[in-house]
Amino acid sequence: QKPLDDGFVFLFLDGIGVTIGHEIGAKRYCILVAYGIRSDGSREILSFQKADSESASAWQMFLDNLKMRGLKGRNLKLIVVDGGKGLWKALGKSFPLIPAQLCWVHKLRNVSTHCPKIYRKQCVAEAGKLMYAKSAHQAASRFRHWRNRWQDKAPNAVASVKRDFDKLITYLSFPYSLHSLIRSTNVIERCFREIERRVRPMGYFPNSASCQRVIYALFAYSNKQWEKKRFRLRAVKE
């Protein structure tokens with residue numbers, strides 16, 4: 001709940017599912033997470049919150065809390081998010097003027113889900129090459145080539161990329177040196193993997209207090225490490 005400054009230029013939003021025990025069993029929840037990067041390269045996990053789901057109302061409350069604490073978005077250049085409809089809807093209300101980038105990692109998982117198993121590995125690998133384009137024109141050219149190759153074999157996978165193509169290439173308006181940083185929510189996903197590693201031996205968190213303590217400790221540790229290893233953020237396009 002600490003106050004936040006408004007110097008962040010990139011904001012990353014994602015959620016992870018966790019199971020928490022109760023008196024009569026266990027229930028699945030979602031942990032909503034925000035991570036930010038300032039123009040000087042400093043970065044930190046800004047907040048996390050337990051929610052029943054990744055619904056629009058849950059994300060709206062989460063984003064409202066960030067704004068109330070000081071993150072008004074005056075310096076934000078881009079918000080990188082997963083493909084959840086609830087989050088996109090909430091963004092439209094909280095930060096309607098900030099460009100948003102759909103995470104490529106989440107989209108490739110989506111492509112995999114919609115692709116017949118016999119073609120999955122090759123189709124997803126070729127779709128992954130789209131995100132390495134250096135311009136929107138090049139990305140569109142690569143998409144057309146990929147679409148023509150897989151339209152008949154994996155039509156649902158192709159439709160999935162086509163539907164969200166504009167959301168997938170927002171990052172291309174930024175300098176090439178930033179592309180690998182802002183085309184996915186990988187920075188949060190790495191923290192999620194650590195949460196999963198810690199909870200694996202127990203199966204699930206025994207209670208909400210345990211969940212809160214473990215996640216807070218992991219995120220606080222990450223923030224401390226990032227303070228020691230600040231990376232250089234090259235010029236951000238105005």
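Helices here are DSSP runs of H or I with at least four residues, and strands are runs of E with at least two. With that settled, I opened the predicted model.

**Entry 1. Overall fold**

I looked up the secondary structure and found nine helices and five strands in the protein. I then read the order of the elements from the N terminus, which is β-β-β-α-β-α-β-α-α-α-α-α-α-α.

I next checked the overall dimensions. The C-alpha atoms fill a box of roughly 50 × 45 × 35 Å along the principal axes. For 238 residues, a compact globule would have a radius of gyration near 18 Å, and the 19 Å of this protein agrees with that. I noted that buried residues account for 50% of the 238 residues. I also looked up the sequence separation of contacts: of those between residues at least 6 apart in sequence, 64% join residues at least 24 apart.

**Entry 2. Helices α3 and α6**

I turned to one helix pair. Two packed helices are described by the angle between their axes and the distance between the axes. I recorded an angle of about 165° for α3 (residues 104–113) and α6 (residues 155–168), with their axes 9 Å apart. An angle over 145 degrees counts as roughly antiparallel, and α3 and α6 are therefore roughly antiparallel to each other. Their crossing is right-handed.

Which residues of α3 and α6 meet? On the α3 side I listed W104, K107, N110 and V111, and on the α6 side A157, S160, V161, R163, D164 and L168. By class, this contact has five nonpolar, two polar and three charged residues.

I then examined D164, which lies in α6. D164 counts as buried because its relative accessibility is 14%, and the cut-off for buried is under 20%. Leaving out residues up to four places away in sequence, D164 touches L102 and K107.

**Entry 3. The buried side of α3**

I looked up the buried residues of α3 and found W104, H106, K107, L108 and V111.

**Entry 4. T185**

I located T185 in the loop between α7 (179–182) and α8. Is T185 buried or exposed? T185 is buried, with a relative accessible area of 0%. Not counting residues up to four places away in sequence, T185 touches F12, L13, D14, V80, V81, D82, C103 and H106. Of these, H106 is also one of the buried residues of α3.

I found W88 in helix α2 (residues 85–94). W88 and W59 are 29 residues apart in sequence, and their C-alpha atoms are 9.0 Å apart in space. With residues up to four places away in sequence not counted, W88 touches V81, D82, G83, A100, Q101, L102 and K167.

I placed F95 in the loop between α2 and β5. F95 counts as buried because its relative accessibility is 4%. I noted a C-alpha to C-alpha distance of 14 Å between F95 and A56, which are 39 residues apart in sequence. What is F95 in contact with, leaving aside its neighbours within four places in sequence? I listed L63, K67, L71, K72, G73, L76 and I79.

Definitions and conventions
Residues numbered from 1 in each chain as written. Predicted model: local features only at pLDDT ≥ 70, side-chain atom pairs only at ≥ 80, totals over all residues. Heavy atoms only, no water. Axes fitted to C-alpha atoms, helices over the stretch in contact; angles between N-to-C directions. Parallel < 35°, antiparallel > 145°, perpendicular 65-115°, else oblique. Left-handed = near helix turned anticlockwise from the far one by under 90°. Contact = heavy atoms within 4.5 Å. Nonpolar A, V, L, I, M, F, W, Y, C, P; charged D, E, K, R; others polar. Rg over C-alpha atoms; globule rule 2.2 N^0.38 Å. Buried < 20%, exposed > 50% of the residue type's maximum accessible area, 1.4 Å probe, protein only.
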